[in-house]
Each structure stands twice: as structure tokens, then as C-alpha cells.
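Good morning, colleagues. Please look at the sequence and the structure on the screen while I go through a few of the contacts.

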Amino acid sequence: MMERMQERLQQRREAGSVASHFPEVANIVMNMTYNQRGAKSILRTFHFTPDSYAFFRVNCLRKDCVDGGFDLTQVIIAMVKNHRVEAKGTISCEGTDSSTDHSDIVYEVAIQYT
Ligand SMILES: [Zn+2]
């Protein structure tokens, strides 16, 4: 468990800062409703500033989920490229475990530019 956290931390550091990837971005807010089968929906919000790590992967909350998660990196890159301020969508968990389709997120991303 500890090792996994360290690994995540390492990935985060290697991602570099938001400013280094997207110098024109002032802040990013990711709102997502996490839906897990058989569980209550959870609203999660993530704020990014230019100093934040440009790491837009969110963990799946299901305990037995293997290699799961939701990667919004491509969403963010596409938004910045097109200078879009809002995007919405749904992503299913990439993880594999006893049940496929065990969770998804409905996301709303808002970006402010400098
Ligand atoms: Zn999962």
C-alpha cells in the first residue's frame, strides 16, 4: 500500500507542473460525480493551479479494482489546445476486477486562462 502511494507520488513529480505544460492556464477545476455500482454517488472536486502537478489521473475508489482509474489528461490537453473553457463527459473505469463496468465518472472541467 505504501509502495503504491510512493509510486503515485513519483508519477506526480514526473508529470511536472501545470505551468510548464500549459503556461496559458490560470486554473483548472475538475468536478466529477463518481458512480460505483451498488454504492452512493460521490461528488469529488479537484483544483489545479499553475504550481500543481500536471497529473490528471483520478483513482477508482473500489477496493478490489486493479489498475483502475480515470485519466482526464487527454481531455485537458484537447481543451487547452482549443482554448475551451468547459467540457463535460463520462469515463468508465479502466480497471479490471471481478465485475467490469463497476464504476464511471461524469466529469465537468472548467479552465480559466491567463
Ligand atoms: Zn475501478
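Predicted model: local features only at pLDDT ≥ 70, side-chain atom pairs only at ≥ 80, totals over all residues.

**Strand pairing, aromatic rings and a buried loop residue**

Because Tyr34 belongs to strand 1 and Phe70 to strand 4, residues 70–71, the pair ties together parts that are 36 residues apart in sequence. Turning to other rings, Phe22, Phe48 and Phe56 are linked by ring pairs into a cluster.

Let me now turn to strand 1 itself. Which strands does strand 1 pair with? Strand 1, residues 25–36, pairs with strand 6, residues 103–113, in the antiparallel sense, and 11 bridges connect them. Within that pairing, Met30 has Val109 of strand 6 as its bridge partner. Strand 1 also pairs in the antiparallel sense with strand 2, residues 42–48, over 7 bridges. Here Met32 stands opposite Arg44 in strand 2.

What lies between strand 1 and strand 2? The two strands form a hairpin, with 5 residues between them. In the turn, Gly38 has a positive phi of about 80°.

My next residue is in a loop. Arg62 is found between strand 3, residues 57–58, and strand 4. Is Arg62 buried or exposed? Its relative accessibility is 18%, so Arg62 counts as buried, the limit being under 20%. What does the side chain of Arg62 contact? A polar contact of 2.7 Å joins it to the side chain of Asp64.

Finally, the cysteines. Cys60 has a relative accessibility of 13% and therefore counts as buried. Cys65 is likewise buried, its relative accessible area being 9%. How many disulfides does the structure hold? The number is 0; a disulfide would require a pair of cysteine sulfur atoms within 2.5 Å.

In the loop between strand 3 and strand 4 lies Arg62, whose side chain is joined to that of Asp64. Thank you for your attention.

Methods
Residues numbered from 1 in each chain as written. Heavy atoms only, no water. Buried < 20%, exposed > 50% of the residue type's maximum accessible area, 1.4 Å probe, protein only. Pairing = 2+ DSSP bridges. Helix = DSSP H or I, 4+ residues; strand = E, 2+ residues; numbered from the N terminus. Phe/Tyr/Trp six-rings, centres within 6.5 Å; stacked < 30°, edge-to-face > 60°. Polar contact = N/O pair within 3.5 Å; in protein donor to acceptor, adjacent residues only side chain to side chain.
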